[in-house]
Amino acid sequence: MKQEKTILQEVLDRGFSRRDFLKMCTALAATLGLDYSQTNKVVNAMETKKRVPVIWLQMQDCTGCSESFIRSSQPKTESVLLEMISLEYSEVLSAPSGHYAEKSIKDVMEKYKGEYIVVVEGSIPSNDIYLMIAGKSARKELEHVCENAAAVLAYGSCSSWGGVAAAKPNPTGAVPVTDIIKNKPVIVVPGCPPIAEVMTGVIAHYVTFGVLPELDHLGRPKAFYRHRIHDKCNRRAYFDAGLFVENFDDEGSKQGYCLYKVGCKGPTTYNSCAEMRWNGGVSYPIQSGNPCIGCSEKDFWDNGPFFTRVAKIPGTQTTINPDVVGAAVVGATIAGVAAHGALTALDKKKKESKDK
Ligand code: FSX
Ligand code: SF4
Ligand code: F3S
């Protein structure tokens with residue numbers, strides 16, 4: 001049952017028009033950050049390439065990542081799920097269960113050797129007793145399914161960093177995918193949950209160019225994790241002007257002032273929420289009045305309580321002082337860059353010592 005039809009043929013067979021197809025390609029090109037003149041590249045790829053087979057594994061998670069992906073709107077979820085990828089196995093969405101579901105994993109591994117992508121949602125317990133899938137430990141199942149994969153996508157903060165299950169005292173010994181899979185490219189897409197369009201973008205890039213997108217030092221797709229929330233925040237002008245919400249029911253809150261003093265972690269959080277927004281670009285936490293809790297950053301559950309301010313930028317001696325406007329702005333910006341640099345260096349060191 002090898003996929004023979006192209007993505008375009010799949011789209012047309014499902015009753016969509018060529019106009020719908022071109023709209024989908026234009027939306028994909030925008031998600032990839034390509035300019036309008038390059039839409040043709042996406043169109044050509046979708047006209048000639050076949051769907052990417054995907055095995056979607058669920059480990060220790062809350063299913064929020066699947067929920068987020070199902071609501072992906074750019075392009076429409078049904079297009080992503082049914083046309084660009086061929087979702088061969090998913091514990092939440094697959095119709096078959098039991099032995100039939102197991103058989104579909106086996107079939108994909110044999111027939112699409114070296115071609116399929118494994119998406120992992122949730123962390124993996126070090127202690128096998130905490131999660132068994134079809135009689136195998138989660139770790140064994142992951143290793144097994146990734147054997148013939150082209151690449152692995154750690155989708156969500158749990159599979160990227162350990163997430164909620166790894167929060168202190170981490171009773172299951174939860175670890176991220178990268179602690180287990182060492183012989184395949186692992187793309188890290190953090191967020192609790194992540195923005196669905198980021199995964200769409202990664203897969204569209206793979207289909208269009210035949211290679212994975214450029215990643216940063218932590219394995220995240222650079223195009224989506226290069227900015228801090230603070231850099232693109234719609235409330236940033238209030239931060240710069242020194243106008244802050246002091247309590248959630250005060251006048252500043254009604255005016256939409258900056259949420260830094262009520263715990264916003266935007267100055268130390270790398271994600272695309274402020275640019276892409278959620279639910280088809282409608283809003284994101286800060287826009288709807290909630291401080292960013294840094295859900296795409298490592299160990300964010302333990303960096304709380306959520307309402308505590310980012311008093312000191314990790315890895316530096318710099319303190320954000322919102323009362324000293326101007327100096328604080330410059331300080332925070334420099335500190336953000338410095339923190340990223342310091343963490344990069346730390347991470348490299350860790351990697352080097354691991355590799356030895
Ligand atoms: Fe984790 Fe995803 Fe947070 Fe939940 O599955 S990233 S707890 S939104 O669902 O893994
Ligand atoms: Fe926006 Fe938070 Fe930065 Fe204020 S502190 S500007 S609310 S990201
Ligand atoms: Fe998460 Fe902050 Fe975005 S809490 S959803 S990274 S605004």
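Hi everyone. Let's start with arginine 277, which is found in the loop between helix H14 (273-276) and helix H15 (327-355). Please keep in mind that this is a predicted model.

Arginine 277 is not a glycine, yet its phi is positive, about 60 degrees. Asparagine 170 also has a positive phi, about 45 degrees, although it is not a glycine either. You can find asparagine 170 in the loop between H8 and S8.

Stay in that loop for a moment. Which residue does a cis peptide bond join to lysine 168? The partner is proline 169, and omega there is about 5 degrees. Proline 169 has its place in the loop that runs between helix H8 (157-161) and strand S8 (174-175). A cis peptide bond also joins cysteine 192 and proline 193, with omega about 0 degrees. For proline 193, look in the loop between strand S9 (186-189) and H9. As a reminder, most peptide bonds are trans.

That brings us to H9 and its packing. Two packed helices are described by the angle between their axes and the distance between the axes. Helix H3 (residues 39-48) packs with helix H9 (residues 196-209) at an angle of about 80 degrees, and their axes are 8 Å apart. Angles from 65 to 115 degrees count as roughly perpendicular, so H3 and H9 are roughly perpendicular to each other. On the H3 side, the contact uses Lys41, Val42, Ala45 and Met46, which meet Val207, Thr208 and Phe209 in H9. By type, the residues of this H3 contact with H9 are five nonpolar, one polar and one charged.

Now for another pair. At what angle do helix H6 (residues 98-111) and helix H7 (residues 138-146) pack? The angle is about 35 degrees, with the axes 10 Å apart. Glu102, Ile105 and Met109 in H6 meet Glu141, His144 and Val145 in H7. The residues of that contact divide into three nonpolar, one polar and two charged.

Finally, the ligands. Where does ligand 2 sit? Ligand 2 is in the largest cavity.

Around ligand 3 you will find Cys273, Trp278, Cys292 and Cys295, among others. Thr269, Asn271 and Ser296 also belong to the residues around ligand 3. How many charged residues are in the shell around ligand 3? There are no charged ones; the shell of ligand 3 has six nonpolar and four polar residues.

How values were computed: Residues numbered from 1 in each chain as written. Chains lettered and ligands numbered in written order. Predicted model: local features only at pLDDT ≥ 70, side-chain atom pairs only at ≥ 80, totals over all residues. Heavy atoms only, no water. Axes fitted to C-alpha atoms, helices over the stretch in contact; angles between N-to-C directions. Helix = DSSP H or I, 4+ residues; strand = E, 2+ residues; numbered from the N terminus. Contact = heavy atoms within 4.5 Å. Nonpolar A, V, L, I, M, F, W, Y, C, P; charged D, E, K, R; others polar. 1 Å grid on protein atoms, 1.4 Å probe; cavity = no way out; pocket = protein on both sides within 12 Å on 5 of 7 lines; lining within 4 Å. Sits in = over half its atoms within 2 Å of the grid points. Near = heavy atom within 4 Å. Parallel < 35°, antiparallel > 145°, perpendicular 65-115°, else oblique.
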